[in-house]
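A single residue is considered at the end.

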Amino acid sequence: MLAADRVNIEVDEGELFGFVGPNGAGKTTTIRMLCGLLRPTSGTARVAQFDILEDPDQVKSRMGLVPEVSNIYADLTARYNLEFMAKMHRVPRELRMRKVRTLLEEFGLADRQSALASTFSKGMQRRLAIASALVHDPQILFLDEVTGGLDVQSARNIRAKIKDLNRQGTTVFLTTHRMHEIEELCDRVAIIDHGTIVACGTVDALRHQTEQFDIIELSTPDQEQLLRCLRECDLTKRVDLINDDGVIRVEVDEAERALPRIMEAAAKLGARVKSVIVREASLEDIFIKLTGRPVREEWKDVQVGSSTHRDHGDR
Amino acid sequence: MTSLRVKTALQAAVWVAEKEFRQFFGGLPAARLIVTLLVPLLLLMVFSFRVGGVAPQHVPIAVVDLDRSSYSSDLMTVLTTDDRFVITRALSRAEAENMIRRGESSAAILVPQDFSKNIERHQQASLELVLDDSNPFFAKSVYDLIDDSVRTAANNLSPQPITAKLSFMYGVGFGFVDFIVPGIVAMTAMFGTTFQALSFVWERTLGTLDRIRSTPVGAGSIILGKIIAGSLIGIAQAIVVLTFSHFVFGAVVRNVGVLILIVFLVAFIFTGIGVTVSALVDEPRAAMMVNQMINWPMVLLSGVFYPVEALPDALRPIASLLPLTYAIEALRAVVIKGLSFGASEVLIDVGVLLLYAAATLALGSRLLFRILSR
């Protein structure tokens, strides 16, 4: 099975690049290949001007990696975690001491530097993991789901930190399945699904696409009937059952034209509609349009394949 | 250029080892130390009381007859016809002792010059008995047998009881703790180091191995660092066990330098085995299980608690394949007999251990290297 197939992207120096895709799309595999942790079966890549196959050490000394799971040494102190990584990167002693001190302060870990990392909260552990990837001042930083599983405040702090780092010149390659993170942070974005790139461009260009369609969400106890009826309706472009609560998500060109027809059809069937939400499409909706799958965890109950009009038959 | 490369690789290995030490002694150092040392100390306690021996057969015995009288030849006949013994004649005490040292005899019986004279004068006649106590487990049984046989023979020779003056070849005596200490030291080193090497599996699962791999440090340095740490931790544990054995249980400890070198080899071998296991198995619980499957037969078959000679014939060839067998044999020779590298028996064992060390290390790092650099 191919986890990542013919992924072809280019990230410019100093860019904050987003890499989005549903779970299992091949994001982590791609990052692991770029960091020299996994050998691609064919093809290669260049990171910071160096080929990942020919000069893995040059690549490794110029990049930092923060994986999805904070892989810090929980049984070591925060300070030693940083020191050890600096040693592994052969940062000279004096610079090492200085760098460790600065990072501990910058990431708000200075007062707990002698505590074991296992005693840290998730947010602190993640901050330590990011700091560990920065001990050697990498040119490019790979962040894999870096705010995953964190509370709102911690995630916000980390996003601010990422913006800072990028402003100071670090190229950032970020994977996430939080669309708002992409909107807030990224200059450009690539969408990966089933191991292939389905879209790549600036966030603005993507956002422009959202103006092209609307979303109607219907809450109903009579899902079966309504689903069948909506799928047969010619004004709906895509119909999904989002979860067991009975919310039906409908993609339409124009809500004003489609909504009366939908309600009319529902009334004719005798299907009860408890609530209706009409909204403009978001980046998340673009994502569903492109991949046929939602990015967000909480949407994983969506019955993929329930759509009728798939308008991207190129997969 | 190359020497600089080697230097940076070695430096990285030392740093990895330092990290291993911090992990070992950090966190809950007291709990970890107690856990790793509890079993060996408990074993020492249990075995400091002697357990029942086995009934040996065809025990090789050297006999020196300095008396050359009809009395002494009668005694010889009794001993020779007793099929529990295989009697060899020696010309002098020195020759008999050499036979014991070479492991050709388990005991020597000396009939002194005045043996017949004393019997004829109705005075107390006595024999001298020298026991090979490098294996106290065995020595006690041999002593009981000889005692029994000589007593029977003497009853026919003299109305007066004949006494046997007992002396021990190595001054260890019947203390079982002396016998068990080398085994427990080797066993502790084995358990300590395999456990340490298995931390690779955890590191793979937790992703911390990826963390090191995302730096320019090579696989060789990572493996070497683990081995340095594993070996030193194994030696440290062995030293603690030795200290306790000597000062608390009164065990004989000789040639500490040679002993530590052998323990180092044991640590090295079992780090290699641990590394091999962690390269083949990538799930911690499975790795632990495989490890148990290797370590326990090793403990039971290589003579930690009883001499390998006491094993059934079918199992002895297996024992002779296990590195721990050679380690324990060498340690006993060093600690109890006070032998050093000058002795061929130590030299052979150490040679075998060196071969094992080279083989396990080569295999382990080769397999792991493949994983680390893929």
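The model is a predicted one, in which local features need pLDDT of at least 70 and side-chain atom pairs count only at pLDDT 80 or more, while totals for chains, interfaces and linings use all residues. Residues are numbered from 1 along each chain as its sequence is written, chains are lettered from A and ligands numbered from 1 in the order in which they are written, and side-chain values use heavy atoms, with hydrogens and water left out.

Chain B has 374 residues, of which 52% are buried (under 20% relative accessible area with a 1.4 Å probe, protein chains only; over 50% is exposed, and in between is partly exposed). The C-alpha trace of chain B spans about 90 × 40 × 35 Å along its principal axes. Its secondary structure consists of 14 helices and five strands, where helices (H or I, at least four residues) and strands (E, at least two) are DSSP runs numbered from the N terminus. Among the contacts in chain B with a separation of 6 or more, 80% join residues 24 or more positions apart; a contact means heavy atoms within 4.5 Å.

Where chain B meets chain A, 23 residues of chain B and 26 residues of chain A take part in the contact. The area buried between the two chains is about 2400 Å², with 58% from carbon and sulfur atoms; buried area is the accessible area (1.4 Å probe) that two parts lose on being put together, summed over both. On the side of chain B, B:Trp15, B:Arg211 and B:Pro216 lose the most area to chain A, together 32% of what that side buries.

Two salt bridges are found across this interface, a salt bridge being a side-chain nitrogen of Lys or Arg within 4 Å of a carboxyl oxygen of Asp or Glu. B:Glu18 forms a salt bridge with A:Lys87, their closest N and O atoms lying 2.9 Å apart. The elements of chain B that give two or more residues to the side touching chain A are α1 (2-25), α7 (176-206) and α8 (208-213). Of these, α1(B) gives the most, with eight residues.

Within chain A, A:Glu251 lies in strand β11 (residues 247-252). A:Glu251 is buried, with a relative accessible area of 2%.
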